[in-house]
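Student: I have not looked at this structure before. Please show me how to read a few of its features.

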Amino acid sequence: MSGDTTAADRSARARRWSAKDLLRRQTTTLVFVVIVGVVVLTVQSSGGFLSRISIETFFQFLAIPVVIGLAQMATLAVGQMNLAVGAIGGFAACLAGILMADAGLPVWLGAVVAVLAGLACGLINGVIVVLTQINGFIVTLATMTILSGVQYALVGTRTVTSDAWPQLQSLGSARPLGVPLIFWLSLAIAGLLSLAYRHALVARKMLASGGNPLAATLSGISNSRSLIAAHGLSGLLCGVAALLVLCSLPGVNKSIGGDWLLPSFAAPIIGGVALTGGGVAVLGTVLAATIVRLVDTARAAFQLDPSWVNLVIGAVVLGTVALGQANRRPKGLVRVRPTGPSRASTSEATPTGGVA
Amino acid sequence: MTTTTSSPWALEVRAVSKAFPGVRALDAVNLRLAPGEVHALLGENGAGKSTLIKILTGIQTADTGQILVGGTERVFHSAHEATAAGIGAVHQERNVVTAFTVAENIALGNTPTRHGRVDWRAVRDGARRVLDMLDFRIDPDTPMNRLSPAQTQLVEIARGLYADSAVLLLDEPTASISDNESGLLFDVVHRLTDQGRAVLFVSHKLEEVFAHCRTATVFRDGRSVAEAVQLADVDRDTVVDLLVGRTLAKLDVPDRAPDRTSTPAIELRGVETERGHRSVDLSVHRGEIVGLYGLVGAGRTELAHALLGLDKITGGEVRVSGEVVRIKDVGDALSRHRIGYVTEDRKAEGLFLDQTVARNLTVTVLGQLSNRWGVLRRKAARVAADEYIDSLDIRVSSRDQIVGQLSGGNQQKVSLGKWLAARTDILVIDEPTVGIDVRTKGAFYRLIWDLADQGKAVLVISSDLAEMVTLVDTIAVMQDFEVTGHVANTHDYDEMSKAVIRLVHRTSENVA
């Protein structure tokens, strides 16, 4: 029996990494696009793109898109959306900024406040969704508006400069191995999330609720808890993004977070997260955020109007969703007993087990 | 094991009632389940069986009454509490997380963990243990979305076995699986009862009930009309009387003699498909009903899909009324060749559950019911809908009733009706009576006979051999994506089952 087991396991693993599957996977496409983008930019800039400064800037402004993409992914995984990603991040950054600058809050505590404020907002979103049974789209649309208002009330037209939190600023300018610390941080978060979605029970429960709420209920999994956890996680990541803002930007004002909505959706959707819930794609989200960043860099390099970026990203999001639909081949059914070698290939399974 | 000796009953339901707005689903029902027995819970659709199952598994709570597990009174607020109390269940609907693997679905809700981390090895081993019990050879790491409905049902059964419960509730577990697989399931069931566990078996298949259950409780209109009947002491007719509350006229199989001399309405010659069908020969004449029988994974539904252009045909030819055709998609099959397909999974594929009966019935003919500006002629649509509500005897309060509110049998009629509305000549009906009660089944058979008498060619796919023997004229047996033979139906169950089973096992023996 145990001999069988390992043999079956091995064959499953071997199948998982077959070249055919690798080609079919979205991640492969994304890596390819990233490489093409880097090559084009390098050639266009005659190698300038690979200079130390340019690389630093590239990753400096990639950290936040990665984190807010993951924040959106957390809600998409349970079949919800979080329109308030930018509003939560902006509010949390401004709250912590004001407390540090005006109320003399110790800087380390300010950092904690930023993260916890995000978590709290996310949890509130989740609780409202569960208690009112109103669609998360509407709930987060409302909290987005409210939080943007609060953010404006906090800072008004002023910009709170980063002089009040020099320690965070020095973290933001640290460059271990030539890459900004905050980017390493965003990668670490992505790695943690990837592990969590694969192995943590609470995350598997979220995916079960997202994939089939009824099946989850029948298995004793609380969908309410999954929704609150997912919105909480989303808020927490927005809080982390707020912290990265404090580390990397020269100050905070009312416009922080205002332009996060599209990139937050672009990263997970281009990255391969289904809008219907039940699955995540951490690596895909990171890669897609990188692509968006490449588009942004290209825009600057070719000296195009900034509005082009939104146009391109919007079109790419639409295109990805459309391609995803078109590529969805009729799902091959696994037959219990494959009998002929001639047909063995038809029963080959593509692993889609919730996490890509 | 949590069995206590204080009570003779593994599970006792005392005067449980449950009301929904406008409906009294359960009215003081009783049920007693002894350890070591298979107890049948019988009742027509809407009799309250599923409501009781939901209460026993913590999905809903009873308004009044008591539930005792091993002599201790319990109230369950979630499925988890029920499982913890030793009640496992296999639900009627196919409820799985398609993005997960087979193994994770089996363990869902009771996933083994170490320090909050999922113990994947334990998940896989546990899944393999129950899959082996069912002799269901599938890699536990297979993604769920690769499984057919019947395979999915087997996974659901495996899930019920996973928790090692003292009481196992099986809500129509055999509705969509083949006789062979049911056999394996019952082997497991008897093994469990030998270990002193109690099994509650909900089914519409009386043959199975009489073959495997010792006692039965019968529900009718939310009341328990018979409690703990010893099945050895009663006959089938008595049980049917209890079920429907009046004597049901025995189903008369009409003398059918379809004309097989004309050109077949649809004919497959040496058809091969992308899915792996090899040299499939099959023909259905006007007025003939051909049954396609086979085990799960034999490739029956897949063949129907290929026929409708949902899968690619890679070899051989398909002839409609003698002419070789290439069918591109379902729209093509319907409009050019007049082929309709009543799906196996009517809830997921066959109906718009939250729309009205009239809209469902007319969805295939919207083009004909619209004027030249593309605006629907509402009166014509109403007339068309009423016609089929009448002719199929669909029980509705009005044509504007939501389909999701209808009983299973009536939903199936709507699903069939929309293809009739499209004036099809060839009907492919996949598992026509899954989850439909005895009385409605009879009505449905008569309906299919009538359709054949009107000159339609009907291909019925079914895993229910008794249904095949009653309903069709010829049985084609499919095994491993090949048609292994045809048997002319004599309507004699014993004789037919022997002939069919021989054909089912022919290729597997050759291969082995």
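Student: What is the mean pLDDT of chain B?

Tutor: This is a predicted model, and pLDDT is the predictor's confidence in each residue. For chain B the mean pLDDT is 83, with 92% of its residues at 70 or more. Residues 508-512 of chain B have a pLDDT below 50, and this stretch has 2 contacts in the model beyond near neighbours in sequence. The scores for the model are ipTM 0.74 and pTM 0.67.

Student: How do I read two packed helices, and at what angle do helix 10 and helix 15 of chain A cross?

Tutor: Two packed helices are described by the angle between their axes and the distance between the axes. In chain A, helix 10 (residues 181-199) and helix 15 (residues 282-301) cross at roughly 150°, and their axes come within 9 Å. Angles over 145 degrees count as roughly antiparallel, so helix 10 of chain A is roughly antiparallel to helix 15 of chain A.

Student: Which residues make the contact?

Tutor: Helix 10 of chain A contributes A190(A), L193(A), S194(A) and Y197(A), while helix 15 of chain A contributes V282(A), L283(A) and V286(A). By class, this contact has 6 nonpolar residues, 1 polar residue and no charged residues.

Student: Now strands. How many bridges join strand 13 of chain B to strand 14 of chain B?

Tutor: In a regular strand the side chains alternate between the two faces of the sheet. Strand 13 (residues 266-273) of chain B runs antiparallel to strand 14 of chain B, and 4 bridges join them. V271(B) stands opposite V280(B) in strand 14 of chain B. This hairpin has 6 residues between the strands, and G276(B) takes a positive phi near 115°.

Student: Is strand 14 of chain B mostly covered or mostly exposed?

Tutor: Strand 14 (residues 280-284) of chain B is mostly covered, with 4 of its 5 residues buried.

Note on methods: Residues numbered from 1 in each chain as written. Chains lettered and ligands numbered in written order. Predicted model: local features only at pLDDT ≥ 70, side-chain atom pairs only at ≥ 80, totals over all residues. Buried ≥ 20, exposed ≤ 12 C-beta atoms within 10 Å, placed from the backbone. Pairing = 2+ DSSP bridges. Axes fitted to C-alpha atoms, helices over the stretch in contact; angles between N-to-C directions. Parallel < 35°, antiparallel > 145°, perpendicular 65-115°, else oblique. Contact = placed C-beta atoms within 7 Å. Nonpolar A, V, L, I, M, F, W, Y, C, P; charged D, E, K, R; others polar. pLDDT = per-residue confidence, 0-100.
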